[in-house]
Amino acid sequence: MDNSEALLQGKSRDDSSDYNKLQGILNYRIRNNKIIFEFKHAEAVIKFLSADSFRLIMAHSNQSINYRSTPAVIKHNLSYDNFDIKEKDNQIIIETEKLLLKVKKDKFLLKVYDKKGNLIHQDYSNHALGWKKQKVRAWKSFKNNERFYGLGEKTGWLDKKGRRYEMWNHDTFVPHVDDTDPLYQSIPFLISYSPENSYGIYFDNSYRSFFDLGSEGQDYYSFWAEGGDLDYYFLNGPSIKEVIQKYSNITGRMPLPPKWSLGYHQSRYSYYPQAEVEQLVKTFRDKEIPCDAFHFDIHYMDEYKIYTWDEDRFPDPEAMFTNMADNGIKGVTIIDPGVKRDPEYKLYQEGMENDYFCKYLDGKVFIDKVWPGKCAFPDFTQSEVRDWWAGLQKDYVELGIKGIWNDMNEPAVFNKTDTMDVNVMHQNDGDPGTHRRFHNLYGFLEDKATFEGLKESLENERPFVLTRSGFAGIQRYSAVWTGDNRSFWDHIKIAMPMLMNLGMSGVSFCGTDVGGFTGNSNGELLTRWTQMGAFVPFFRNHCEVRAISQEPWSFGAKHEKIIKKYIELRYKLITHLYNLFYQASQTGIPVMRPLIMEFPEDQKCENLSDQFMIGESLLVAPVYQPDQKKRMLYLPEGKWIDFWTKEIYQGGDHIIVDAPLDTLPLFVRAGSIIPLNKKLNYVEEEKIESLKLNIFLTEDNNLGNYSLYDDDGISYNYQDGIYNLTDFNYQYTDNQIIFNIERTEENYQQEFKDYKLIFNNLNKDPQNIYVDGNNLNEFIYSDNTLEFKVPVVINKITIGLS
Ligand code: GLC
């Protein structure tokens with residue numbers, strides 16, 4: 001009986017009882033810092049990576065442990081040996097500097113304690129690990145107050161508890177509703193949060209897998225895969241941020257993106273002919289609506305053959321990209337993995353001649369339909385195929401293209417299963433396996449090839465890759481957009497928890513199609529969506545072939561004006577956003593964050609799904625219903641400042657604020673320093689010579705700091721140390737403000753010549769201002785706002801107040 005039949009009969013679909021369970025440790029030994037446990041027909045190993053993280057692997061059916069990781073994992077040699085191990089009663093006790101593990105010998109049940117003796121994680125009380133034919137499974141207990149985050153791109157609320165989720169990359173065109181699953185990405189990484197302690201479980205298995213987080217009201221959660229190894233990493237926090245740092249240490253962090261890619265992207269399926277694109281460039285520039293990139297969907301190709309151009313529609317792509325570049329707009333072209341089966345098509349010939357395509361065991365190439373009709377699919381598990389693919393980027397780069405948009409790479413196939421036959425083989429550089437093992441890695445490996453190829457061809461420029469499909473670690477190669485959403489109000493709402501969880505799953509650079517992909521958008525919807533999009537890490541307006549136009553001006557002057565204002569705001573914040581991307585590249589901590597990450601003790605934030613933080617200081621509460629003039633939102637403890645009115649709010653409660661169509665509720669945490677630029681038409685339009693630093697004071701708030709990273713925004717010179725780091729901090733006391741500027745790294749020829757300091761909500765008269773001991777006479781003080789300029793070289797400002 002399959003699960004759906006079981007459900008129809010009102011039976012549980014949980015088949016836990018059918019599994020063989022790991023029991024009875026016969027023996028254990030330590031080899032190369034690994035603790036190896038022997039069982040009758042199985043083996044398990046615990047390997048510490050640090051004092052508070054370990055990897056656990058089980059091998060069953062008389063197989064021995066296989067230490068093979070998926071390509072998601074980049075840190076293979078993390079090892080920690082400072083542990084003690086002893087046996088007591090029926091338990092094996094392992095102690096590190098930070099954790100105490102107790103393993104029950106009869107059933108291999110694991111309990112993890114912190115050094116204060118608090119139980120922070122435990123296996124389910126009946127069984128811990130098991131297998132059923134090729135399936136491998138783990139069962140864990142959870143507490144009532146435990147919440148779950150992560151799992152990548154999933155529908156539903158911020159807290160993932162109470163549902164079952166599937167990891168199987170899928171082209172999901174049906175409307176994404178609360179329980180639509182799976183979507184395009186598979187990231188088997190779970191964060192367990194409770195106010196006392198958070199930990200992460202990364203299940204390093206690329207087969208189709210599941211996480212059941214109590215979907216039938218069980219008091220345990222469980223994860224399993226249809227093949228491969230039971231191989232997971234336990235990563236203790238204790239904070240969510242530390243969990244993410246540890247996870248991204250293992251699976252990698254996003255590289256610094258080219259700064260232009262943080263700008264506004266305009267797309268549709270599809271812009272053509274060339275004259276239309278040229279008109280589009282002109283319209284953006286005439287209207288002075290900022291824009292950094294146009295995306296070219298499948299109609300640019302000749303019969304949807306990738307790496308070709310339809311010469312009637314685009315007689316001179318190079319000239320078009322030059323014109324775009326002259327206007328500050330980069331070109332990003334779509335690529336699908338399917339290579340049209342056409343004996344006269346060069347790519348197909350090359351793939352066939354060199355044996356680059358996926359085949360069945362009997363040698364037959366897998367052929368099935370996508371946009372171009374019958375296609376063959378490159379076997380990206382082979383490094384020589386990835387090299388071939390990487391090499392294909394060169395011609396595009398020479399045309400002037402700066403980014404590649406990898407679509408349909410689940411891979412999507414127009415057949416009953418929506419993908420490749422699972423029996424197709426992948427050669428994987430001598431460690432072959434079927435598509436069951438490699439399906440979830442298909443897009444990931446294509447993105448790796450694309451990223452590396454672009455990087456090579458762009459020489460000292462950073463590439464931009466956008467992908468629909470991916471696996472854990474995808475952040476190393478690509479930004480992610482959440483596929484085919486609809487022009488529904490609800491899709492503004494579901495985007496928030498989806499993107500926040502993607503961020504917590506390592507993918508900082510993510511976004512949704514602003515305005516909605518399928519269906520017709522409208523002025524109000526696009527306006528509200530753009531307000532949110534201006535704060536989402538990847539900001540692209542895109543819509544389907546049948547949809548009406550949804551460029552910023554498509555719905556009349558009233559909406560255009562507001563949409564423009566928010567795209568401009570994005571550009572004013574670009575230095576701040578780039579700084580947050582830098583932090584993500586260093587720590588893995590996402591740009592867009594759920595409030596619980598910043599306020600981990602505030603229960604009201606635990607499942608707060610319709611607001612988010614950008615960094616530590618900006619709270620965004622988008623409007624996601626039509627006809628709204630007000631928005632209720634929650635401000636955590638502390639003081640908050642309305643970004644628009646500068647009004648001060650006391651947090652700790654819900655508030656209702658005015659939110660007419662031109663207002664996105666936006667709040668700044670008191671004390672914050674936020675850089676703002678002048679409006680730009682595109683990121684590289686001109687150097688920002690005067691950087692505004694906005695300081696958000698409140699009466700009783702007297703401390704603030706900000707650390708600013710800057711470099712040229714495009715090259716890899718930062719890897720040779722060519723960047724600056726500047727720390728700003730201030731103290732606001734009864735009678736003075738002391739503002740310090742300290743440059744901790746100074747190797748990049750800084751573009752800022754001066755800082756314009758703007759102290760908001762200063763309700764005491766400035767008497768005198770000393771800049772490095774010299775009196776400054778030029779300042780403006782009105783409406784409780786003090787503004788003045790200082791050259792970047794100075795170190796200390798003292799403002800006397802009365
Ligand atoms: C897929 C993509 C969509 C794209 C379309 C045509 O549906 O998700 O973004 O526009 O294919 O290429």
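**Strands, sheets and a ligand shell**

Me: What do strand 8 and strand 9 form, and which residue in the turn has a positive phi?
Reply: In this predicted model, strand 8 and strand 9 form a hairpin with 4 residues between them. Phe108 lies in the turn and has a positive phi of about 55°.

Me: How do you know that strand 8 and strand 9 pair?
Reply: Two strands pair if there are at least two bridges between them. Strand 8 and strand 9 (residues 109–114) have 6 bridges, so by that rule they count as a pair. The sense is antiparallel. One of the facing positions is Val103, which stands opposite Leu110 in strand 9.

Me: What makes strand 7 and strand 8 a pair?
Reply: The cut-off is at least two bridges. Strand 7 (residues 91–95) and strand 8 (residues 99–104) are joined by 5 bridges in the antiparallel sense, so they pass. Ile94 has Leu101 of strand 8 as its bridge partner. These two strands also form a hairpin, with 3 residues between them.

Me: Where does UniProt place the C-terminal domain?
Reply: An unreviewed UniProt entry gives "domain: Glycosyl hydrolase family 31 C-terminal" at residues 588–674. In the model this span is 5% helix and 38% strand, and its end C-alpha atoms lie 21 Å apart. The record also has "domain: Glycoside hydrolase family 31 N-terminal", again from an unreviewed entry, covering residues 45–212. That span is 0% helix and 44% strand, with its end C-alpha atoms 24 Å apart.

Me: Why do strand 36 and strand 41 stand at the edges?
Reply: The sheet is open and has 6 strands in the order 36-37-38-43-40-41, with antiparallel pairing. Strand 36 (592–593) and strand 41 (648–650) each have a single partner strand, so one side of each has no neighbour in the sheet. For strand 41, strand 40 (residues 639–642) pairs with it over 3 bridges in the antiparallel sense. There, Lys639 has Gln650 as its bridge partner.

Me: What is the pairing in the sheet with the order 44-45-49-53-52?
Reply: The pairing is mixed in this open sheet of 5 strands. Strand 44 (673–676) and strand 52 (780–782) are the edge strands; each has a single partner strand, so one side of each is without a neighbour in the sheet. On average, neighbouring strands are turned by 20° against each other, direction ignored. Strand 52 and strand 53 (residues 785–791) run antiparallel and are joined by 3 bridges. Tyr781 stands opposite Leu786 in strand 53.

Me: Which residues surround the ligand?
Reply: Tyr269, Asp297, Ile298, Ile334, Trp371, Trp405, Asp407, Arg468, Trp481, Asp484, Phe517 and His542 surround the ligand. A residue is placed in such a list if one of its heavy atoms lies within 4 Å. The shell divides into 7 nonpolar, 1 polar and 4 charged residues.

Me: How much of the ligand does the protein bury?
Reply: Taken alone, the ligand exposes 300 Å², and the protein buries 97% of that.

Definitions and conventions: Residues numbered from 1 in each chain as written. Predicted model: local features only at pLDDT ≥ 70, side-chain atom pairs only at ≥ 80, totals over all residues. Heavy atoms only, no water. Axes fitted to C-alpha atoms, helices over the stretch in contact; angles between N-to-C directions. Areas by Shrake-Rupley, 256 points an atom, 1.4 Å probe, with all protein chains shown as cover. Nonpolar A, V, L, I, M, F, W, Y, C, P; charged D, E, K, R; others polar. UniProt positions renumbered as here; feature names shortened; annotations may be inferred.
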